[in-house]
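Hi,

Here is the structure I promised to pass on. Have a look at it first, and then read my notes below.

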Amino acid sequence: MKKTLNRSLSLLLALVLAVSLAVPALAADEPVTLDQTKLSLSPKQSVVLHATRSSEYQDQRITWKSSDTSVATLSDQDHKKGNVTITAKKKGTTAITASVGGYLAVCNVTVEDDYVTDVTITPAGPETLPVGKTRQLEAEVVYAHGTQGDQTVTWTTDNPKVATVTQKGLVTAVSEGTAEIVALSKEGSKNGTPVMETYQLTVTKQGASSADDVLSLSATTVTTSGGQYVDTVLKAPVVTIRSGATDVTDAYTLSYRWTDSAQKELGTQDTQLIQPVTLSDLTVTCTVTATSKTDSTQVLTGSCRYGVKVYPGTTVGAAHALTKGSVTLDKLMDLEGKQSILDQLLQGDGDSLLTPAIPGLTHVVFDMNSVTGAAVGTLSARGEVEYYLSREADGNHLADVSFTPLQAGTYGINFLAYGDQVYYGRLEVVVSGQAVEPPDGEDIPCDCTGYTFTGSDFFHSGDADPVAAVLFGKPSAGQLLRDLAHGSGVAEEGARYYTNAASNGEYHVSTLSYLPNAGFSGRVTLPVTLITQSGKQVEDTLSFYVTSKTHSEQFTDVTETTVGLWAADAVDFAYHFGLVSGVEETKFAPNSPMTRAQLVTVLYRAAGSPEVTVTTNFEDLDVGAYYYNAVVWGNVMGVVNGTSDTTFSPNAYVTREQLATILYRYADTMGDNVAVSGNLNAYTDKDKVGSYAVTPMTWAVEHGIITGTTGTTLSPKSTTTRAQVAVMLHRYLTD
């Protein structure tokens, strides 16, 4: 929230003050002090002792002395700097004194034989090796005084049937099981006992990984935005590991390391929070390490470099209770209940550092990839869509964006605010109260696949004056569609729906469905007019409760840890309506690239798989393949072109700009409005968009079908995955 920085600065100042108070001041009666007053050394070890003189005695010479030179001697006296080197000779004790103007400072030195404090093994383990594999271990014996003492260790294994080890530390995996390898020091600890370290090993059968596996990242360079004093979330690239054409990512354990431009470690999670404190642009690197689950020696790495453009920042915040339900941003109030989110953007909150007013604010663009606390609530905004402040502006309006709380916690999202200059901001909402479950019998449960009405929803023969017909209003979110199939249908426009007898309306109510927008979750209200058999009209309101998924109900590889958080709804939507199928019964391969043949087949199914009675000139198509009719249909309808007059290249991967173009042509073929009014100037890589794809890409961005890979980049030449295509198609069909 907005007060976080103030608290952080206060804490920092307090720490600085505490540290400064903890440093002992040089008293007037202490002409000389030493940086150490007690030392423990081993024979032949040397250290530098430093003396500090008060200003009164600064120019006087320091006289150094060892009370027992057989135990420790002094050398390299630097009277200007106040340094002397102590060298230990043999076991015993001695007092080292520094004398200035008759005043003494003393350091008591004890010389003792060095002893072992620890043994370390590299690699440290635990590790996994397949049968027959070897692993070279190295041991280091650590001594109390840092000397390079005897490094001899004895290697043993507690289970030689599983793994053996030589006295040089070479481990061989023999059979499946677990073993503990021990390195025992020859020299002892302070009390004379040896010191040991263990290495845990699991031996398995030969796994799915191999030396031919290749790691690839969804991006190796990312350009994104940040704001001064604004929390910004960076997400690690999606990792795919292939053995030939087979995706073997699940055979590896992934780890992450984030570093700044000075190679200082920032974090080790798959997301990294940064907060720029100046307006200087930043460079952050995420290094991904993939370690085989069956062979710890099989390690693959890749890195992605993030260039962060830092803008002036603003942080706006609000508090909201679960019991209050959905609220628009013009009514979502701050902790004190004084300012709405819109007020804070326009007026600031008096804190010019954290929440300044944004002069000339015209519109805001939300970055849906930056959301934290997704389980806490949802924002009705779509990514990369402009939301205007003025009601007179064409397009979407900021005051219509609503927040729906789901559970107690903190929800956050970043945004770009455009005015006299660009600001990068963060919206945080603290939700209080207990989670509210949809009341039984009041809310109609609904997921991404929608809800189809039935006559029994309204008509009850036992009623004295049963409902004969229904007129539907406009839902607060989502759409009403008649004859919903293949993910689309006919928009409802005020028709009368009968519940039992056809004479009471134009269509039976079972032909009508409610379909939520992609990415929406929460409560939706739908006004209805119920017309009874006697002709009486009753106004009522239906309530849907839309839930979102974090994992697929069909595919086991679409989970919270893969793509489920952002793609599960879309994948299950596309599967439910017969638009996609898995590569296996329970596998979707979400991170596999989408091919041209697969994409046109998805669109062909969305169109209802119309009959094909013509042929094609493409010579690289298999007439019996699943995609043949789809490619012929798509080519005839102008949805897709060939890569030449005689080739279609069905197995070629689809790029983001190609996907936008094909969807744009499909929408035009289906009679949708494909007019565009904007441009791609907000994206730094707009010049990389092919000339043929500029209008389609603009259309896709305006409708929220395609969002930027970051706040300022489109990555038009990047290939699209099966999960990404499902998400974009879901957005298009429910727009």
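Let me start with a proline: Pro126 is found in the loop between strand 9 and strand 10. (Helices, H or I with at least four residues, and strands, E with at least two, are DSSP runs numbered from the N terminus.) The bond between Gly125 and Pro126 is a cis peptide bond, with omega about -5°. The loop between strand 9 (116-122) and strand 10 (127-130) also holds Pro123, and the peptide bond from Thr122 to Pro123 is cis too, with omega near -5°.

Before you go further, some background. This is a predicted model, in which local features need pLDDT of at least 70 and side-chain atom pairs count only at pLDDT 80 or more, while totals for chains, interfaces and linings use all residues. Residues are numbered from 1 along each chain as its sequence is written, and side-chain values use heavy atoms, with hydrogens and water left out.

On to the overall layout. The domain assignment gives domain 1 (32-111), domain 2 (116-202), domain 3 (218-238 + 252-274 + 284-296), domain 4 (311-431), domain 5 (444-546) and domain 6 (567-733); the bounds come from an automatic or database domain assignment. Between the C-alpha centres of domain 2 and domain 5 there are 71 Å.

An open sheet is formed by six strands, in the order 37-46-45-39-42-43, with mixed pairing; two strands pair if DSSP finds at least two bridges between them. Strand 37 (443-446) and strand 43 (507-508) are at the edges with a single partner strand each, so one side of each has no neighbour in the sheet. Strand 39 (residues 467-472) and strand 42 (residues 496-498) run antiparallel and are joined by three bridges, and Val470 has Tyr497 in strand 42 as its bridge partner.

(Buried means under 20% relative accessible area, exposed over 50% and partly exposed in between, using a 1.4 Å probe and protein chains only.) Four bridges link strand 18 to strand 21 (residues 239-243), and the two run antiparallel; Leu217 stands opposite Val239.

What about helix 7? Its buried residues are Pro696, Met697, Thr698, Trp699, Ala700 and Val701. Helix 6 (656-669) and helix 8 (722-733) are among the elements that cover them, where contact means heavy atoms within 4.5 Å. Just after helix 7, Gly704 takes a positive phi of about 70°.

Two residues other than glycine also have a positive phi. Ala589, at about 55°, is in the loop between helix 3 (564-576) and helix 4 (596-606) and is buried, with a relative accessible area of 14%. Ser609, near 50°, sits in the loop between helix 4 and helix 5 (628-636) and is partly exposed at 37%.

Last, the second largest pocket. Its lining has 23 residues, with Glu386, Tyr388, Ser677, Gly678 and Glu702 nearest the centre. (A pocket is an open set of points on a 1 Å grid over the protein atoms alone, where a 1.4 Å probe fits, with protein on both sides within 12 Å along at least five of seven lines; lining residues have an atom within 4 Å of a point.) Strand 30 (363-372), strand 32 (386-388) and helix 7 (694-702) each give two or more residues to this lining. Domain 4 and domain 6 each supply at least three.

Cheers
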